[in-house]
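Hi everyone, thanks for making time this morning. Let me put the structure up on the screen, and then we can walk through it together.

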Amino acid sequence: MKPFLKWAGNKFAILQRIKEILPEGNRLIEPFAGSAAVFLNTDFSEAILSDINADLINLYQFLKTDGESFIDYCRTFFVPETNNAESYYQFRQIFNTTDDLKLKAALFLFFNRHGYNGLCRYNNKGEFNVPFGKYTKPYFPTQEMFAFHEKIQGAQLLHRDFISTLQMARPGDVIYCDPPYVPLTATANFTGYATGGFGLAEQEALANMARSLAQKGIQVIISNHDTVFTQTAYQSAEIISFQVRRFISCKGESRGQANEMLAHFGRVGAALAG
Ligand SMILES: C[S@@+](CC[C@H](N)C(=O)[O-])C[C@H]1O[C@@H](n2cnc3c(N)ncnc32)[C@H](O)[C@@H]1O
């Protein structure tokens with residue numbers, strides 16, 4: 001099932017790899033949900049999808065509760081008359097000032113298909129600032145939205161930081177973490193760097209939490225670039241590393257040369273993580 005959003009760093013291309021190592025469990029937790037590619041293509045009886053991006057979770061909430069009527073509403077923005085720079089920048093201005101959450105949700109989808117490269121970026125005042133993308137005929141993802149609406153009924157949506165989401169974990173959960181990538185240049189003792197609020201301190205905090213959850217018997221998988229930094233941070237996990245051709249990645253760091261890595265903390269049958 002394809003996500004209805006274009007999302008930088010999405011894991012649709014490596015789903016099979018992830019599914020091969022994702023253990024069975026009662027509940028899937030994705031603290032870095034993004035386009036939710038993993039949730040959409042797995043079958044846990046319960047799920048928590050969480051992300052720090054309020055606009056993303058707001059859109060998911062409307063699609064979850066309003067379904068077809070919300071899809072129809074979103075479609076009204078996808079007409080030839082609005083596919084020009086002037087309309088796009090007017091919508092962007094409205095988006096950055098309105099309190100109408102339903103309108104914001106529809107415009108967020110509009111930007112995803114009409115904005116440059118499907119990027120999602122904000123300035124330091126928190127305003128959405130992606131430029132117009134000049135697509136001839138932007139695709140409206142009707143089928144993908146209907147599929148998402150059905151699938152999401154069984155999931156809890158949360159707008160929050162990964163730390164508070166991970167604190168909700170209990171035995172029987174399976175956690176898939178897909179944080180923004182570490183910079184390719186980061187080394188184990190390189191601490192001063194941050195990209196978009198998610199720096200090496202956050203990467204380390206995530207690795208530490210994964211380790212302590214594993215010690216409580218909760219299995220955690222983390223995706224990232226395979227670098228000296230991640231090899232060190234995830235040293236108590238079982239690591240799989242493989243090549244992937246990548247076109248866009250989180251935070252505009254394009255065409256990375258590093259391998260992709262999956263770190264599995266607390267695999268049952270493996271030596272106790274620690
Ligand atoms: C690599 S993307 C996830 C892609 C997703 N797995 C997919 O297939 O589309 C990383 C996500 O982490 C979110 N994020 C960044 N910092 C976060 C934080 N501190 N807590 C929770 N989510 C965060 C971003 O908004 C983004 O959606």
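In which sense do strand β1 and strand β2 pair? They pair in the parallel sense, over 4 bridges, with β1 covering residues 27–30 and β2 covering residues 46–51. Here, two strands pair if DSSP finds at least two bridges between them. Helices (H or I, at least four residues) and strands (E, at least two) are DSSP runs, numbered from the N terminus.

Two notes before I go on. This is a predicted model, where local features need pLDDT of at least 70 and side-chain atom pairs count only at pLDDT 80 or more, while totals for chains, interfaces and linings use all residues. Residues are numbered from 1 along each chain as its sequence is written.

Now, the overall picture. The chain has 9 helices and 9 strands. Of its 274 residues, 39% count as buried, meaning 20 or more other C-beta atoms lie within 10 Å of a residue's own; 12 or fewer is exposed, in between is partly exposed, and C-beta atoms are placed from the backbone.

Back to the sheet. It is an open one, made by 7 strands in the order β3-β2-β1-β4-β7-β9-β8, with mixed pairing. At the edges stand β3 (155–159) and β8 (238–242); each has a single partner strand, so one side of each is left without a neighbour in the sheet. From one strand to the next, the twist averages 15 degrees.

Let's step through some of the pairs. On to β4: β1 and β4 run parallel and are joined by 3 bridges, and Leu28 has Val174 in β4 as its bridge partner. Strand β4 (residues 173–177) also pairs with β7 (residues 219–225), in the parallel sense over 4 bridges. There, Val174 stands opposite Gln219 in β7.

Now for the helices. Helix α8 (residues 200–215) lies across β4, β7 and β9 (260–265), and runs at about 155 degrees to β7. Angles run from 0 to 180 degrees between N-to-C directions, and axes are lines fitted to C-alpha atoms, for helices over the stretch in contact.

How far apart are the axes of α3 and α5? They are 9 Å apart, and α3 packs against α5 (residues 101–114) at an angle of about 90 degrees. That makes α3 roughly perpendicular to α5, a label for 65 to 115 degrees; under 35 counts as roughly parallel, over 145 as roughly antiparallel and the rest as oblique. Among the residues that meet, α3 brings Asn58, Leu59 and Phe62, and α5 brings Ala105, Phe108 and Leu109. Contact means C-beta atoms, placed from the backbone, within 7 Å.

Ala54 lies in α3 (residues 54–75). Ala54 is partly exposed, with 14 other C-beta atoms within 10 Å. Its C-alpha atom is separated by 9.0 Å from that of Leu158, 104 residues apart along the chain.

Last stop, backbone angles. Most residues other than glycine have a negative phi. Asn117, however, has a positive phi near 60 degrees, and Lys134 has a positive one near 55 degrees. Asn117 sits in the loop between α5 and α6 (142–152), and Lys134 is in the loop between α5 and α6 too. Asn117 is partly exposed, with 15 other C-beta atoms within 10 Å, whereas Lys134 counts as exposed, with 12 C-beta neighbours inside 10 Å.

Note on methods:
Contact = placed C-beta atoms within 7 Å.
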